[in-house]
Amino acid sequence: MDKALNQYTTISISTNDVLEGMAKLKQLPLHLRRNPPKFISNECSYHALAPRFRSREGKMGRIFEYFVVCGLGPEMRTLDGDLGFHGLETHYLPSLLDQFPPSDHSLYPPPPPQLPTCVLPAGVAFHSSGFVSSDPANFPRSYPIVLTEGDGSKIFVSCIAFRDRVCEDITEAYRLPPNTYADKCICIVSHAPNFRALRDSLEEIFVLCFSTEGSCKPLWETIAYMVSNVPLPTPGKDRVLFAVENCLLSVEAPPEDTLPQADISLQPLVQCLDVDNLIKLFTSVLVERRILLRSNKYSLLTLVSEAICHLIYPFRWLQVYIPLLFFSGVDYIDAPTPYMMGLHSDVDTSYLATGGVVVVDLESNQITTSEEIPPIPEPEFSSLRNDILKLLHPNVVGIDQLRGFGNSVEQCPKSLSKPWGEDHDLQLRVIFLKFFASILGGYRNFIENGVFSPDAFLKRRSRSTNQPPEPMLVQFLDSLAFHDYIERRLSSDENSTNLLEKLQDAVGRGQDAMSILPKSSMEPEIITIAEPEVEVSATRYTYDRFPANVRSEEQEEKRKQILAAASGALESNGRHPPSSPAGKNTKEDSLSSRERAAERDRMVLDIKVKLQGLWLRLLKLGSTEDPLSSFEYGTILALIESDAEGIGGSGFIECIREHLKNSGWDGGLTEEQFIAVKELLKMAIGRAASRNDLSTVQDALEVSAEMFKKDANNVSDYVQRHLISIPIWEELRFWEGYFEYLMKQPANESVNYATLVTARLIIVASHMAGLGLPDTEAWNMIETIAEKQELGFKLLIKLRGFLSHVQQLRVGYWGASSFKQQSISSGLPSPRPKANASDETQQPAEASGRSWVQSMFSRDTASRANSFSRVRKWVSDNASSDITAAAQKKIQTNVRVLKGHSGAVTALHSVTRREVHDLVGDREDAGFFISGSTDCLVKIWDPSLRGSELRATLKGHTGTVRAISSDRAKIVSGSDDRSVIVWDKQTTQLLEELKGHDGQVSCVKMLSGERVLTASHDGTIKMWDVRTDMCVSTVGRCSSAILSFEYDDSTGILAAAGRDTLANIWDIRSGSGKQMHKLKGHTKWIRSIRMVEDTLITGSDDWTARVWSVSRGSCKAVLACHAGPVQSVEYSTFDKGIITGSADGLLRFWENDDGGIKCVKNITLHSSSILSINAGENWLGIGAADNSMSLFHRPSNAGTKVSGWQLYRVPQRTAAVVRCVASDLERKRICSGGRNGVLRLWDATINI
């Protein structure tokens, strides 16, 4: 092939010689004639693209990179991902059938893996006939598409879609009717934006294939020669002539110092949209809105998208760009970041949240959006509008002017009175360039030391116009496109060819705008691609279908195996193909390794692109906006939470690292941003640690040490200091891994090994001190690493002194209190709590962000809706049979929103009907809920008082309320302020304040006999006598914070667990607290515990739950089927079954079977962490962190097995972040407390 690249010859001939050669085209049939087009330069410049088009040996690259055929492959798969044939009315995913160069070619990268899906956006449909001249609907269609690579470069593809006869082997294998036709697409792929050359070449290949006269050589030989031998022309110097059979074609590239190449006509844009709508679309692009183009013509979507990109020159659209979106990707419209997409009009988008999307209907000349588009300021708007009208309607604009008088001739040039051509395209582009020259006049004066000052520029403009800063201009100056232009402008490459500044200078001198464009009088040098000599033969090659290329033996064998498997599947199901699948294989199971890798790469790229935009927008939130309630925060959090492979978390941290490294950002955050970033990093690190993804944790550790806020004393408070609650910092293996990572970094070769080890350990010590690790723990780990490296005692002393010094500095300013008391599962409230912001109906940001994440990246296809009339609804593969269909029928909407807290709800307690008898009597609907919040308040809610549920507010705590309990007369609450307060339930008066804990109180329980049992992060469990306000005894001690406990008052057995990974059991009947057992087995924090009689169940962050014998102190079983931390466990006394809930959203039911415990039922109803499981005799209440709730019922005929639980009802779901859930099974009520301070109360017994 490299030899073929050098077969062209360079000759010096005049343009007249070329025209004589072109005249020979008149001798060809009419359908084969072509006019040699004139081409202009590329937007990216051929100079920049040249390296991409050179082979490894450095030889000149080709204009055509690939010729590809896409259509129905041997392995059929519906658009839903179902494997096999599912009827002639179903649409199927297209496959890559043939390509040249072949897939094993090493000089050039392979075609994009998503190419087949993009070139046939609607999929492959079956047809009973091919081309019918009387039916235009089945005519072949020619259209261009543009794909975007990960680095932002564009791939240009010319396509021809047509109906072609299905191959006989596929017809036989799938029992298709004879002479069945299916959609097929041939396309040419290139990185050069020569749309006309791509289209003309492809059309000649298509005509040559189906011509009745045939071709003189096999079609794939013609394709191979064309793809292999047509080189890129040198900008402004060459014109390449080549032939396809008897048709002569040409391509050229003019100089680099002119406007970027626009090898398309801008006429479709001005024909589809009137002047006002054109300007409105143009403005939407400048302020980087989400833009959706709609049309029933593929070509129109691509041409309009490319046209508007050329009109914003010298700026570039750097956001998501998909001019032609494939139908099954319609969920991309929910993306939160700016995008420009084109979608066929037949695709239904009514079920999607399109608020804020600028929808441009090209067929009806309409633009709709729910958010106002800021207008272009005057006088630029009037000038732009008038210039466009003069170009489009010169006779109308100048109808009152006297011809030949003044400058009327100049205003309406005669050259533009002819039909639309390249001159019109050029004039329109210069008009928009003049707009930028005007509105950005003098911008160069505000660039100092390589930084543009938008504030100073806006102030100067405001003084000159006597108007405040225009919103459109403010948003434009803050756009990614403008920042990118400034960066390019400051580089030496852009200064010499900056047409915007040339135009500003020309206007200042009174020159015409067109004068800035180069006028070259040089004739291009002709490069002729000479075809090899072909012996004259009477043989002509004709085809009744587009021929397949020669396959290798391996490819042919693989094809036969696939078809044999398909035929065997049909045989097993009967002679005739099924109209609907008898069974279903998931898409991931049958994809090849390359396809799986390509799909994952696409997912990674998509997530990272969205995260980059979300991160930058999060940092731009105004001082009056609450980041924790913002769309950006909610979406980033959902990306991190919902991604099992860690793409969301690692991508978010990578965005921060790149921003710190490349943009010059110093890491400074506002108070509001600081809280949001801290919570997001906690979540990302926690998820990465659970996957053992230490590299992501290491990156997060480093970026957290660079981001800060200024405190009241103007001292930098770094995010890192607030991450101490994450348990991985206490693990030696992490710091050993981080040390090894540092040792692999480049270092000065002259430094000896011991000095290098010391320097790396100083970095480790700095991070340990920055986190706030206790001095002793930090030194023990550093000493262990140093001893393994055989570091001398002098260097050890140096390290010890450094660590002590840093620790003293930290303690001297921040104090000695341990920040490890912060729970990883609890975030801080917004620094600006607003009462009116707590209503769930006022929180579209987080909800829509999560909805978009689930629809775009979730592998559970049940979250996707029907997006095309022939695309069947996607159904979840792993949902339980009693959930999917039944759940839809059981959804009810009787959910009340209770507002009163101004901070996140952190504690919820359900008061039973028996406990409130003294207050409300024997009422059927009796039963209270008590809530605690970060606003330090305790509130009592009476669900029976509709509209005025808030019964009382209890004030007394000075810290976040973490735990609540009650009996018939009293309420007890524990707080981060280390106090326990006892309240009178009837009078709501504060009775006692119990103080004695040295850490935040995590658990409280009201006992009989005026006793209170409390547990704290100081590792102690205390028994209090309310009557004497005294601590009776410290009945239990743990080595670390206690997160949960259980107490049986009838036996005096106490069980507690927490961060030390041990479950401790005491017998406290003696009052002193005799320890019975220390249960070892878990490797991470124990978050939940449940004790019934002699059975103890624990749930841990190590993704397992364990069942223990209380009396023997032994482990009876390990329940290890979850894919995340087990956050809640429950024991069902009626059937002696166990129910576990995890951060993976999965609910599992376990029961004893033949001496062991096995999982008998999985529920996938929830999509986030299960926070609460409450089981009664006949009812089971579930609450999850995604604000979803469910109620299960055990029918009388269900037997005594735990699998007998059946879904009773679920409420209508509203997306929000939930901290805690409580259930009142007697009244069939479930209540959730959200991060936004809202309680959501569901009455499952009432239908609305």
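Two strands pair if DSSP finds at least two bridges between them. Helices (H or I, at least four residues) and strands (E, at least two) are DSSP runs, numbered from the N terminus. The model shown in these views is predicted, so local features need pLDDT of at least 70 and side-chain atom pairs pLDDT 80 or more, while totals for chains, interfaces and linings use all residues. Residues are numbered from 1 along each chain as its sequence is written, and side-chain values use heavy atoms, with hydrogens and water left out.

**View 1. An open sheet of 4 strands, β22 to β25.** The strand order is β22-β23-β24-β25, and the pairing is antiparallel. β22 (905-911) and β25 (950-955) are the edge strands. Each of these two has a single partner strand, so one of its sides has no neighbour in the sheet. β22 is joined by 6 bridges to β23 (residues 928-933), and the two run antiparallel. In this pairing L908 stands opposite S931 in β23.

**View 2. Strand β47 (residues 1179-1184) between β46 and β48.** On one side, β46 (residues 1170-1175) pairs with β47 in the antiparallel sense over 5 bridges. N1174 stands opposite G1181 in β47, and the β46-β47 hairpin has 3 residues between its strands. β47 also pairs with β48 (residues 1189-1193), again in the antiparallel sense and over 5 bridges. Here I1182 is found opposite S1190 in β48. The β47-β48 hairpin has 4 residues between its strands, and N1187 in the turn has a positive phi of about 70°.

**View 3. Burial of the two faces of β47.** A residue is buried under 20% relative accessible area, exposed over 50% and partly exposed in between (1.4 Å probe, protein chains only). Of the 6 residues of β47, 6 are buried. W1179, G1181 and G1183 lie on one side, L1180, I1182 and A1184 on the other, so that both faces are covered. In a regular strand the side chains alternate between the two faces of the sheet. For the chain as a whole, buried residues make up 55% of the 1248 residues.

**View 4. Helix α11 (residues 380-392) and the helices it packs against.** The helix has 13 residues and reaches 18 Å from its first C-alpha to its last. This is close to the 18 Å expected at 1.5 Å a residue (1.5 Å times one less than the number of residues). E380, L384, D387, I388, L389 and L391 of α11 are buried. The buried residues of α11 pack against α9 (275-286), α12 (394-397), α14 (422-439) and α15 (454-465).

**View 5. The stacked pair Y738 and Y741.** Rings of Phe, Tyr and Trp (its six-membered ring) pair if their centres lie within 6.5 Å; planes under 30 degrees apart count as stacked, over 60 as edge-to-face and the rest as tilted. By this rule the count comes to 38 aromatic pairs. One of them, Y738 with Y741, is stacked at 6.0 Å centre to centre, with 20° between the planes. The two tyrosines belong to helix α27 (residues 732-743) and, because they are 3 residues apart, are separated by about one helical turn. Y738 is buried at 0% relative accessibility, whereas Y741 is partly exposed at 26%.

**View 6. A cluster of rings.** Ring pairs link F282, F315, F432, F435, F436, Y443, F446, F452, F457, F476, F482 and Y485.

**View 7. Two cis peptide bonds.** The bond from F100 to P101 is cis, with omega near 0°. P101 is placed in the loop between β3 (95-100) and α4 (115-119). P314 is in the loop between α10 (298-311) and β11 (320-322).

**View 8. Positive phi at R175 and E790.** Most residues other than glycine have a negative phi, and most peptide bonds are trans. R175 has a phi near 55° and lies in the loop between α5 (168-173) and β7 (181-190). Its relative accessible area of 21% makes R175 partly exposed. E790 also has a positive phi, of about 55°, and is found in the loop between α29 (775-788) and α30 (793-814). E790 is exposed, with a relative accessible area of 72%.

**View 9. The whole chain.** Its secondary structure comes to 33 helices and 52 strands. Among contacts (heavy atoms within 4.5 Å) between residues at least 6 apart in sequence, 64% join residues at least 24 apart.
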